[in-house]
Amino acid sequence: MSAKAISEASGKRLLNNFLNGTAEVSHYVSVDESTSLDSLVAQHPWLKQQRLVVKPDQLIKRRGKLGLILVNADIDAVKNWISERISKNIQIGRSNGKLRNFIIEPFVPHKSEEEYYVCIHSHRNGDTILFHHEGGVEIGDVDSKALKLEIEVDETPDYNKIKTQLLKNVPEVKKDLVCKFIAQLYKVYVDLYFTYLEINPLG
């Protein structure tokens, strides 16, 4: 089965369109080498009204660890940060290339214990949902620490399985909300023929 990686912005657009109210709409803008940042701000006034997060959107893993995320910044700092990096060469491991695409989002203040991790991936016998109650930059070895729910082909996970197998460490007051989100996320995953989907952090 062939699969194609998509950008974070493309993923957010799909989830905005298909999550059906189980999560707040993600506000974001994309920036590439042809983007006029001044025009972008004029089109999206929230960029100058809110604190922001900016990062490359080029399928780069562990951007936080690599120092490739600027958080809690105003629009002027974001503009400077992008201008210092866009179209510039960067070395990551053995790979060398240019940063050409960025995504800007509102900064949402939160505590580290409010960051979750969720991942869905497909394999020969079905799908696996992984969940951990401590997401974020320091997630570490997910395979060894995340709780897992195995889903057979053509099976739909019920709320009880999600709660009992994945959400053991989530506060009781949040379980219903997180459960509904994961159930709807899995439906979108199946309906749109995803083979891998990861959200970190989920908050």
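Asn72 is found in strand 3 (residues 70-73), where strands (E, at least two residues) and helices (H or I, at least four) are DSSP runs numbered from the N terminus. Phi of Asn72 is near 55°, a positive value in a residue other than glycine. Another backbone feature worth a look is the cis peptide bond that joins Asn200 and Pro201, with omega at about 0°. Pro201 belongs to strand 10 (residues 196-202).

The model is predicted, so to speak of local features a pLDDT of at least 70 is needed, side-chain atom pairs count only at pLDDT 80 or more, and totals for chains, interfaces and linings use all residues. Residues are numbered from 1 along each chain as its sequence is written, and side-chain values use heavy atoms, with hydrogens and water left out.

The contact (heavy atoms within 4.5 Å) draws 9 residues from domain 1 and 10 residues from domain 2.

How much area is buried between domain 1 and domain 2? The value is about 820 Å², and carbon and sulfur atoms give 80% of it; buried area here is the accessible area (1.4 Å probe) that two parts lose on being put together, summed over both. By class, the side of domain 1 that touches domain 2 has 5 nonpolar, 3 polar and 1 charged residues. In this scheme Ala, Val, Leu, Ile, Met, Phe, Trp, Tyr, Cys and Pro are nonpolar, Asp, Glu, Lys and Arg are charged, and the others, Gly among them, are polar. Across this interface the rule finds 0 salt bridges, a salt bridge being a side-chain nitrogen of Lys or Arg within 4 Å of a carboxyl oxygen of Asp or Glu.

In the whole structure, however, a search finds 12 salt bridges. One of them pairs Lys55 with Glu8, whose closest N and O atoms are 3.2 Å apart. This pair links distant parts of the chain, as Lys55 sits in strand 2 (residues 52-56) and Glu8 in helix 1 (residues 8-18), 47 residues apart.
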